[in-house]
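Let's take a walk through this protein together, starting with its charged pairs and then moving on to its strands and the chain as a whole. Have the structure open as you read.

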Amino acid sequence: MPPPGKDYMDEARSTDDLDVTHHDEDDDPGSLIGEEVEYDLGPDDPGDDPGVDVPDDGPEPMPPGLRPPVRLAPVLVCLRNEINARWPNRDRRSDGWIGDAAHQATKSDHNPDQDNSVNALDVDRDGIDPQLVVRRAIAHPSTQYVIFDRTIWSRTRRFQPSRYTGSNPHTSHIHISVSHSPELENSRRGWGIGTGETSKPLKLGDRVLRTGCIGGDVRELQALANTLGAKPPLAVDGDFGSRTEAWVRGFQKAKKLTVDGLVGPQTVSALRAAPTPAKPSTPAKPSKPAEPSTPAKPGTPAKPSKPAKPSVPAKPSKPSKPPADPRRDPGSRTLRRGATGDDVGFVQRFIGERQCGTADGEFGTRTEVGVRWYQKMQGLTADGVVGPHTWRKMGVKVRY
């Protein structure tokens, strides 16, 4: 730590990449690890080999008695550079590395250690693949622990995901802390993020689905459920919610599988083997028997029948308007301000409440602003209209 009475913030202000974190981190994450949980980080994808070392001469040796300037640990600089290279238009509002005044009074990796190295980095979750970053981080030899989405992966627990019980849920950013060993904090070993291709859309069976999962594989599951006769039909919005789980449990019970609401290999196999129910045919209505005619009385001449009046031609009926379909599937039309439906709700959930507000299925001004933000981040024309190019960027198949 810097000498008593010296504010290390003054010392760090000379650095070009000073980025202060204001997130409330807890003093001792190791004491805030709860029970082990299941956390699906998705399938791995081809990227850089995390074992590749980036050529570097290493830090210049300091003269005896002098301390190096406050800096972010070189291994975390490599991580940040790779993230910025892969997602250049990402959101950086929740980024940070050096602790603010609140951190200085605590034991935190955001404070400089004995060699003035800061060994923690916060990365905003918006505009990146946070699951990929977590996967790569827990595979890196320098990482001590990662906190994200109320979950902690710690080297002391062999990086098994566990419930994080601290006050900050870490839902807006990922926190990565690395070892204070000089060899590990100064490492130039790559993280395998920088040049990897964008993850391919998930297909049903690529991972175990459960409540909270979002993606193309969930949409595939919901569409298959509707084909198999889900009543009422599920919204094909790619969001594994309570109704989707209830249908899965019902299907598992009917097929005598373990009723856990998880869509794993056995459930996927049963889904694909399930026959599509045939539509019941409507039986024809029986025709009424003809009424017997009343015979004429004998000796009474029949009255001549009156000529029939000419029929008046019926007025042509106006074509009825097709009923509005509030359950529009994502990718089935172009969305703009004023649109409503399940596909609008999908867009709002995909981009996030932070940008679009509450997912209410109504395409208003705030949703348009969120769409423009997403389009700009993805390098699209920021017109606020969700058309074919924007749908495809979201991993949605365009159906019109």
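**Salt bridges and strands**

Searching the whole structure turns up eleven salt bridges. Keep in mind as we go that this is a predicted model.

Let's begin with the pair formed by aspartate 95 and arginine 90, whose closest N and O atoms are 2.6 Å apart. Are these two partners buried or exposed? Aspartate 95 has a relative accessibility of 9%, so this residue counts as buried. Arginine 90 counts as buried too, because its relative accessibility is 6%.

Next, find arginine 354, which forms a salt bridge with aspartate 124; here the closest N and O atoms are 3.5 Å apart. As for accessibility, aspartate 124 is buried, with a relative accessible area of 0%, while arginine 354 counts as partly exposed at 35%. A network of salt bridges links Asp124, Asp126 and Arg354.

Another salt bridge brings together the side chains of aspartate 239 and arginine 349, at 3.1 Å from N to O. This pair also links distant parts of the chain, 110 residues apart: aspartate 239 belongs to the loop between α6 (216–227) and α7 (242–254), and arginine 349 to helix α9 (residues 342–351). With a relative accessibility of 30%, arginine 349 counts as partly exposed.

Now turn to strand β8 (residues 151–154). In a regular strand, side chains alternate between the two faces of the sheet. What covers the picture for β8 on each side? Both of its faces are covered: Thr151 and Trp153 are buried on one side, and Ile152 and Ser154 are buried on the other.

Strand β8 has partners as well. Strand β7 (residues 143–148) runs antiparallel to β8, and four bridges join the two. Isoleucine 147 has isoleucine 152 as its bridge partner in β8. Two residues lie between the strands of this hairpin, where aspartate 149 takes a positive phi near 55°. Strand β9 (residues 162–164) also pairs with β8 in the antiparallel sense, over two bridges, and the bridge partner of isoleucine 152 in β9 is serine 162.

Finally, step back to the whole chain, which has twelve helices and ten strands. Of its 400 residues, 43% are buried. Among contacts between residues at least 6 apart in sequence, 64% join residues at least 24 apart. The chain exposes about 23,300 Å², with carbon and sulfur atoms supplying 54% of it.

Note on methods:
Residues numbered from 1 in each chain as written. Predicted model: local features only at pLDDT ≥ 70, side-chain atom pairs only at ≥ 80, totals over all residues. Heavy atoms only, no water. Buried < 20%, exposed > 50% of the residue type's maximum accessible area, 1.4 Å probe, protein only. Contact = heavy atoms within 4.5 Å. Areas by Shrake-Rupley, 256 points an atom, 1.4 Å probe, with all protein chains shown as cover. Pairing = 2+ DSSP bridges. Salt bridge = Lys/Arg side-chain N within 4 Å of Asp/Glu carboxyl O.
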